[in-house]
Structure formats: C-alpha cells, structure tokens
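I opened my notebook to record what I looked up in one structure.

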Amino acid sequence: FPGLMNRDYEIMASRAVNEINHYDGTGTAMSIAANRVSFTFNLTGPSLTVDTACSSFLFALHYALRAIKSGDCEAAICGGVNCIIDPRTFVSLTKAKMISPEGISKPFSKKADGYGRGEGCGVVFLKPLKKVRLLVKQPEVRLVACLNFASSALIMTI
C-alpha cells in the first residue's frame, strides 16, 4: 500500500515519440507502483497505490489496516514517498501563491502564508498483535514493533 503524490519522475522520464520503449507504457505510472513491488517480492493480496495528495500515506495506512482487519491479508507493507525532482510543480504552486515565501508551513496560525513542500520516505510492516506474539517466540526475532486494533485507536509498543 504505497501512498504516492506528485509525478516528477514520470514527467522527467517522458520521451520523444521516437524514443519510447517497452517500459514507457506502464513503467512510470504511479498506479502500477504497488504492483511492481508485489511482483518483485512475490507478495500476494491487495496491491494498490493511493494518491490523495499530502494525506496519501495516511489513507494508504487506513486501507492497509482495513485489509488486515477484514482478513483480505495477514500482513501489509505500507509506505509513503514524496520526491521533488522536477521544478515545474513548485513553480506552478508558487505562481498560484500556495507556497510559503519562508518555505515553512504554519497550520492554524494567523501568520500562515502557504505551505512548505517537503520530501521523504517511510515504510512500515503491519501485522496483527496476536500474530506478532507468535513471531516473538521465535529466537531469530529480536525487536518487534506491533500495532493493535483497540477500538479505533492504534497502540504501538516496542
């Protein structure tokens, strides 16, 4: 369940018509990102990419947890990534006066004047607590961070 936003790589990798190859058809499509990871690591179960702009990772996490809870899968890999590698989106957002001149987001402040773009990547492996407890009894597992469904809250223990 990757949460992705922006299409910088797709834009930069686009080619002239006479340079198009077999990879260009789906190779840079964000919709295929989850499927490429699933194929590479021979993962089965739900495999979808989520793009809800800044909240992509949170929605991907939501869908991953729902899939585990409903029994669609026993575990899930959930990640979020944002890379700013092409200036076009930044220029467009700046012209629309959406980017803070200071480059800092100030949510809920009277001094808010736009937002600051950022990039990064994070990945979590999710598994129900009762299944993690079975893993902990195995000698090769040393550290486990587990998530538990308690009402609608998540409890994280290390």
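Predicted model: local features only at pLDDT ≥ 70, side-chain atom pairs only at ≥ 80, totals over all residues.

Entry 1

Entry 2. I looked up T44. I found T44 in the loop between α2 (33–40) and α3 (56–70). Is T44 buried or exposed? Its relative accessibility is 74%, so T44 counts as exposed, since the cut-off for exposed is over 50%. I also checked T44 against C73. They are 29 residues apart in sequence, and their C-alpha atoms are 8.3 Å apart in space.

Entry 3. How many salt bridges does the structure hold? I found three.

Entry 4. I took the pair R88 and D86. Their side chains meet in a salt bridge, at 3.1 Å from N to O. R88 has 52% relative accessibility, so I wrote it down as exposed. D86 has 6% relative accessibility, so D86 counts as buried; the cut-off for buried is under 20%.

Entry 5. I turned to K106. K106 forms a salt bridge with E102, and the closest N and O atoms are 3.6 Å apart. K106 also meets D113 in a salt bridge through their side chains, at 2.9 Å from N to O. Salt bridges that share partners join E102, K106 and D113 into one network.

Entry 6. I looked up the accessibility of these residues. K106 has a relative accessible area of 17%, so K106 is buried. E102 is at 52% relative accessibility and therefore counts as exposed. D113 is at 28% relative accessibility, so D113 counts as partly exposed.

Conventions:
Residues numbered from 1 in each chain as written. Heavy atoms only, no water. Helix = DSSP H or I, 4+ residues; strand = E, 2+ residues; numbered from the N terminus. Buried < 20%, exposed > 50% of the residue type's maximum accessible area, 1.4 Å probe, protein only. Salt bridge = Lys/Arg side-chain N within 4 Å of Asp/Glu carboxyl O.
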